Structure formats: structure tokens, C-alpha cells
Amino acid sequence: MGMRYFGTSVQRQEDKKFLMGQGRYVDDIEFVGMLHGAFLRADIAHAKINGIDTSAAREIPGVHAVYTLDDLGDPYPNKPMTTAYASPLLKQTICQHLLAKDEVCFVGQTVALVVAESRHIAEDALSRIVVDYEPLPAVADCRNALDADAPATHLGLDSNLVGNFYGKFGDIDAAFAEASHTFKVDFHEHRGGGHATECRNIIANYDAGKDETTVYLTTQAPFLIRRLMARYFEEDESKIRVICPDVGGGFGPKNGPYAEEFVLAIVSKQLQRPVKWIEDRRENFVATNQQGDQMWHMEIACEDDGKILGARGRVIHDMGAYVPYGLLLPATSVFPLPGPYALPALDVTLDAVFTNKTCTSPVRGAGRPNAAYAMERLIETVARGLKLDPADVRRRNFVRKDQFPYTTGGTLPSGDPAVYDSGDFHSLLDMALENAGYEDFKERQAAARQEGRYLGMGISSCIEDTGFGPYEGVKVKVQPSGKVLLQTGAASQGQGHQTVFSQIVAEELGVDIDSIVYQSADTGTVPHGVATAGSRVTANAGPASQAAARLVRKKALKLAAEVLEIDEDDLEIEDGIVRATAQSGRNVNISLGDLSFKLTPLMNGKVPDGFEPELEATSFTSSTGVPHASGSSVAEVEVDVETGEVKLVNYVIAHDCGKMINPMLVDGQIIGGVVHGIGNALFERMVYDENAQPMSMNYGEYLLPIATEMPPFEVLHQETPSPHNELGVKGAGEGGTIPAANAIIAAIENALEPFGVVVNDHPVDPQRICELLDEAQARSGAA
Amino acid sequence: MSEQLKDTRDITVTVNGKSYQEAVETRLHLADFLRLQLKLTGTHLGCEHGVCGACTILVDGEAVRSCLMLAVQANGREVTTIEGLADGEELSPIQEAFSEHHALQCGFCTSGMIMSLTAFIEENPGADEAAIREAISGNICRCTGYQSIVAAGVAVAAKQAGGS
């Protein structure tokens, strides 16, 4: 059978409904008797609550109920949430109550809930709730959180330290003792929110007859949320069903858990009515997790030719007010630090600290873009310090092709050693440089400078650990109609899962892709899953799709051989028909649908001897190790030295995510990812004042990348198969985002080299570029 | 206050070629009217402050943000939403091009993008890439990075220019 689907840019199976306005998102779902909730949120970053008066709100016609924490009833006033990722490294795992108890610790924290006939009425009633706040000092900047005189972020805390995370291997003292050169560099990294175009939305629907709660949720992790809810409520998992309908983008913050989904489940049960809550954008800016700030103080040891001997330093990491997500962000900021480089020694300590700001959790790439930026900053610092070509410094330090599998010396958060499975970092960089015109760029740059135009080119290289386990379940089942049901626990937020898993199953089973019926992300109907996060789904559900389809194929061939009285080896499956091969000399066939029918007889039938009913199989086959994607990006910019404006001229990314199932979809993931990274480099800044009041709560103040600001993108592919799964695939969801910030920042620095400007911090806006130019001028004037 | 907010008016509005006579709350914006009252949920709300463009629809042929217009302002006017573009199962050229160029991922901004481009290309057949980028600069997409959307727009604009 030919390879008809795998590796082909098949148009998406998902598209038509969205194009016709028939997508079905949470807010599009209605139930009879449905009520609408609106949350009252803290509007002060840190305060003691002396009392909440909800009496006026309750009097508004159309209001069904108003809840404070006490109104939720026992045991909730004494039952804070728990972190989704516990760790022995956590020193203070403070999690919030579902509604504020006696203290609020960030603007946006849930304080009360109104449930009413309509959202409009619920919001009217919110304005009638009176909260008696006693303001307390707040920590807004993570850099000050551990100062001796820093305020306590929570009443009664002795220290704002959440915990530490460490990245240590090799002999760091020897590295610095033997080095010909050492350089220090400090930089501040800021990453904002996920900003999916659909905010977080929930419907909780309690069925008294079944004593079962169904939650329609914009989550990336339906099975995780169900488990966390079941544990919190001390319920059996079968009593809670989480369904993800169409979800309008995820990017990390939709993973959850969030207080709102727990509150709605409780309230729906108490009121015995379906209750909907739709987050509005203003809420989303404060109520949905973001990624926050990191301050890095780093030092690097190297030889004359730029060969790196070791890196050490300290990071202060902003956790926000609570710890819903354990130390996942700190971990992913530190363990990937070596990047594509053979780094002999590392010694980095990260202090995770509380601030009085919105909670943090991964945004596209999690801490990996931070780690990549840190390592690339060190490369830039070495190149600048030794006056070397930054491309050469990278080449001299890359892990070589002949070194795979390469053990970095570091460990993954699981405790396993970090091992890079495959790749060719040198050829990726060469591809990117060649297509970006790196070789003759210096001439173009010089000519432009003659005209007073400042062009710059910046490089960034990265690896991405993808596909973390343990599994995503996939079930494949041929139905009597001949249609093939493909079910997976993996939730989609636009990645195109339906198309790629259908490609794999159609290919393996020998059916037309249009005969596949896809169902996903409903804990009531599909096999167990984990989460759509960390570029993990293709490398888990992909192998499971292949394995499940293969089992079904085997069963179909065995049964067909008996029915057609022919040897199994003389059969093939094409377009859903099992038929004798040309070589067999026979001319017999039977459809998969008919075989399914034989396996699912009704009253007077009999299941064929030696077979189980149903032409189906479920698989949890996953990658056997961590598939590492890799890439090198080259950005070209033009900087206006009068206004500080940065124009993105061109962006080339050479990327290796192993075998591509659907190249068109891979390009979509990569370009979308790069644009998120460009937002982090140039545009997206969540601004807080010194009292931790958020100052950027709409898209006029918080800038997202828009079409007119984007450069042309060229995506080049190298396909180094991962040995960790038979398909040879690696994740592709974040490889665009991870390296982007340094490519842009380094390009700006390259453009402004004549002025001696070093940017280091991101995002950088035109105002800051003008300041840096002024500072540089003052320095050279003084010298 | 509450009573005033519940003030209603009767309006007559044509949506996707069908005439509706409806009593609407005066404070109801047009997007909520379409979604809640007419059950046309293809129009999405991404920011409700007129920046993201997800709720873009056509009113008398012009692209408008339905979160910034009140339902009562649509009285006597003709509205087209994403549900009104296809001819039965047959997609409009822009809808087709979006699928061909992989110009959508999560689908949430897609309705607004398509409505913006529909209005723009109708007025500007043959529009070049820069013009198409400008035309969607008021529509935020967090998934695609825009390049594929621009490619879809350029392809349709070129075809429209050639065809007319």
C-alpha cells in the first residue's frame, strides 16, 4: 500500500465547521434552565477582608444566589485548593481558597459569585456587593521580594520564598579556574499571558438523577481537571465528566486548574441548575495565569576561541500570589539551559518568589523560551566580548551529530538524565544562515549605514524537549457502516489533531481519511489522556494511533482470512476493503464494515470462534524517551535610531521536528509560535504599578502582534527521525517560540552596534531603544 | 437604574437575507443580540472593547465590530454574519482559500477575519499583500502568525481581479 497520507499536507478535516460559523465553543452551548455567573474579584493587590455585604446584590430581580466562601458551605471555608504539581522543593505551597477567605493577595482573585438569570443581571448585582478591605503592603517586583524589608505577600509569612530549583552538573569551579575569559551579564525577561482569542469559559451541569456533574470547559487537560476535582470533592471520578467542546486557543494558561471551575461545579449542584460563566477579556488579564518576570545574573567561562567551559548564576523567578502549578515554570526555565550546546559545567540556582500578582503557569514554551534566551544571551556575550562571529561561537559549542544520543549531564524534572536523542544542529544553522543571506549581509549592512539606515541580523539556536509522557490513549474502532471511529483523550485547541491522527490511522488501516469519525477530550467517552501541553500530543497520541490501527488491521485480516478462506498473507486492505492480492490469484474481498458487522451480531447471531466482539483496539503506546526537536532562527531588522522603531525585515527558521506528518500544519505551528516569541521580544508587557495594580488590562495597553508588524517568514525543515517512536516524530508546537526573542534582540543589537547598544532585557519598546541610544551616547561622550 | 437598563425597543433587521422583528434591550450590543437572541453563534466575542476584531460582521455591506454597536442601531439595516457567506454547503471563495492555505487553527478569530476580508476584497479586488495585511490589522489571531491568512487573502483578491 502506498503512503497516501503520512507526510502529506492534507487539508484539515476540522476546517469546514469553523469556516461556516458552526464551531461549537463553550459559550455557544445552552441548556434549559441555565443560569449565569459573574465573579467579584479583588481590585486591590493585598488586603485583609474585614467583611463582605452581599445583601443589596441579593435584592436585584433576577438574582438567584450570591456566594461568598462561607456561603459555599462546609468544608470549603477550610479547604484551599492544592497544587497540581507537588514537589519536595516547594517550601511554601500556598494555594488559594475557591473564594477569598480573609485576605486577597492579587488583583483578580475570586471574592464572590453572583448567579442570575443573565450575565447582564449578574454583573449589575456585582456592583452592589460591598467588601470592607483593609489595605496591606504588596510586592510588585520579584527582584525585591526577598529583600529584608520586603512586605509579606501573605499575612504571617516570614519569607516570600516559594522554593528553589537547581541546575548543576560538571566541575564549575575548575571551569572558571581554567578559563581564559569570563564574562558577566544580567538580564530581565518578561513574558506576558497566553491571550487565546477565546477567554476561559465554563458550564457546570449537575444531573440530580445520576448524581453526576458534567463540566464543559475550555481546558487543555480534561482528564487532569477531572482527577483534581474528584480528589478535591472526594468523589468518584465517574461522577464528574469533563468535556472540551471546540476551544479557541490554549497556549498554556488554559491547562488549569482554576478556582472558577470548582466553584461552578459546587453551585450547579446546590442550585440544581446548569450554570455558565464566561470570562470577559478584562477579567482574563488578571484572572488567567500568566508567565511573569525573571531576573538573571549570569557568568560564563570560555576559551579564546569562544569554546564554553561553564556557566553559573542566579535567577529570581516571579511566581505570582499562589502556587497552582508547583515548580513547573522554574524547572522548565533551568533544566533546558544547555540548549544545543555541549556545556561542560553548569551551576544555576533559581529562587522562586511570591509577589502580589496574578498566578503564573506555562505560556507557550513554558520556561524554555526563558532558558533559551539565557543561553543565547551568554553566546552573544561571548561573541561580543571576544569579537567573534556569533555563528562561529555557536558552531564551536554545538553538540555534534556524531555525539547522539548526547547526555547533557543535567537531569529532567522527572529525575531522569537529560539525553538528546537526535539532530544535526550544525546543518540547521547553516541552512538558516544561507537562506537569510548571512554571508553578504555585512556588505548590505555597511551600504545601508552609509544611507543612515541601521540593519541588523540576529541568530538564535535552540533545542526543545517534546513529547513528555506518560501517554495519550487512542481507540480505533471500525463500525458496521464502515466508518472508523477514532477517539483520543487529547484535547485540541486548534492544533489539527483530528487531521494528523486521521492521517496516521487511515494510512495504517488502509481506509479513506474521510471515513474517519473523530471524537476527543470527553472523559465520559474516550480513552484516558493527560494534557495538551509541552508539544507532547503528537509524540504520544501519534504512536498510539498507529498502534491501535495496527491492532485493528491485524484483527480484520485474521477474520477476513477465515471468512474468505484464504491465507492472511494473501490479503491487503485498501479504501476499507480487505481483498486478495493480485499475486494470490484469487478474486475475493470483504469490506471492513462487513467484518465489523460479523463481530457485533445482535440477538440471533454468534461471535466468530476465537474473536472478541467489536473490530476495535485501544493503545497507550507512547514515545520511549524524550524526542528533542531543534532549530536555528535568523532575524533581520531595521532600527530607526530617531524613533526607536524596529521593523522586522525577514525571519528564517530552520527547524527539525523529526518526520513531519503534515508539513502544512507544522509550518502553521512554527510560524504561529515565532509570532508569540516576537510578541515577547517587542510588544507584550503586563504592566503593574508599585502597588501591584495592573495597568495594562486591554489590547490598547497590552500589545499583541498584528499582521502589519510581522515580517515574511521562511520555514525550512530538516527531518531527523526520533528513535523514540516508530513514526520518527517529535513535537512541533513551541519550537518557533523558544528561540525567537534572542534572534530579535540580537538583531537589534547588531543594528545598533555602531552606537555600542546592548539591549539584554525584553520586551524592548521604541522608548527603551531611544533611552539605550541616549545612554550609549552619554557613555561615549564621557569616555 | 435597573429598570431603565431593562428598557426595550422593537427593531426590524435583516440578517443573512431573513427579516426579523424583535424586542431588544436597549443596552444589548449587536453581537449579543445575534448570539443570544437569534442563536447565530458563529460571531465570536474576543475582547468586547473593539480591538480584537473577532466579532466583525457586515452591516449594509461594511465591516463593523458588533461588540461596539447596539442592537437597536441595527434597526432597518441589513446584517451579514459568517453563517450567511456559504451558498448551502458551497463555501465562499475566501472560506475555501482559508482551508487551502491553512489560515485557521482554533477557528475563534476566523469568522471576524473572513468578514473583514470579504468586505475589503469586495471593495478592492486585486489588493496586494501590503493592503491585505492592512485590512486585517484590526483582527487579532493568536494561532497562525497571520502569514497564511494574508496568503489566503492575496489569492482570493488576485482571483477576483482576474475574474472581473
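Reply: Start with helix H16 of chain A, residues 592-599. H16(A) lies across S23 and S24 of chain A. H16(A) runs at about 70° to S24(A). Note that this is a predicted model.

Now the strands under discussion. S23 and S24 belong to an open sheet of 3 strands in chain A, in the order S22-S23-S24. The pairing is antiparallel. Strand S22 (571-574) and strand S24 (589-591) are the edge strands, and each pairs on one side only. From one strand to the next, the twist averages 20°. In general, strands of a sheet pair through backbone hydrogen bonds, either parallel or antiparallel. Strand S23 of chain A covers residues 577-580 and is joined to S24(A) by 3 bridges. Take A:Arg579: its bridge partner in S24(A) is A:Asn589.

Next, a helix pair in chain A. Two packed helices are described by the angle between their axes and the distance between the axes. For helix H14 (residues 497-509) and helix H15 (residues 537-564) of chain A, the angle is about 30° and the axes are 8 Å apart. H14(A) is therefore roughly parallel to H15(A). The crossing of H14(A) past H15(A) is right-handed. On H14(A), the contact residues include A:Phe501, A:Ile504 and A:Leu509. On H15(A), they include A:Ala541, A:Gly542 and A:Arg553. By class, this contact has 9 nonpolar, 5 polar and 3 charged residues.

Chain A also touches chain B. Here 43 residues of chain A are in contact with 42 residues of chain B. Several helices of chain B each supply at least two residues to its side of the contact, among them H1 (2-5), H4 (110-123) and H6 (147-163). H3(B) gives the most to that side, with 4 residues. The side of chain B that touches chain A has 18 nonpolar, 18 polar and 6 charged residues.

Finally, chain B itself. Chain B is divided into domain 1 (2-84) and domain 2 (93-163). Their centres, taken over C-alpha atoms, are separated by 23 Å. Domain 1 of chain B puts 15 residues into the contact, and domain 2 of chain B puts in 11 residues. On the domain 1 side, strand S3 (56-59) and strand S4 (62-65) of chain B are the elements that give two or more residues. S3(B) gives the most to that side, with 3 residues. The domain 1 side divides into 7 nonpolar, 7 polar and 1 charged.

How values were computed. Residues numbered from 1 in each chain as written. Chains lettered and ligands numbered in written order. Predicted model: local features only at pLDDT ≥ 70, side-chain atom pairs only at ≥ 80, totals over all residues. Contact = placed C-beta atoms within 7 Å. Nonpolar A, V, L, I, M, F, W, Y, C, P; charged D, E, K, R; others polar. Axes fitted to C-alpha atoms, helices over the stretch in contact; angles between N-to-C directions. Parallel < 35°, antiparallel > 145°, perpendicular 65-115°, else oblique. Left-handed = near helix turned anticlockwise from the far one by under 90°. Domains from an automatic or database assignment. Pairing = 2+ DSSP bridges.
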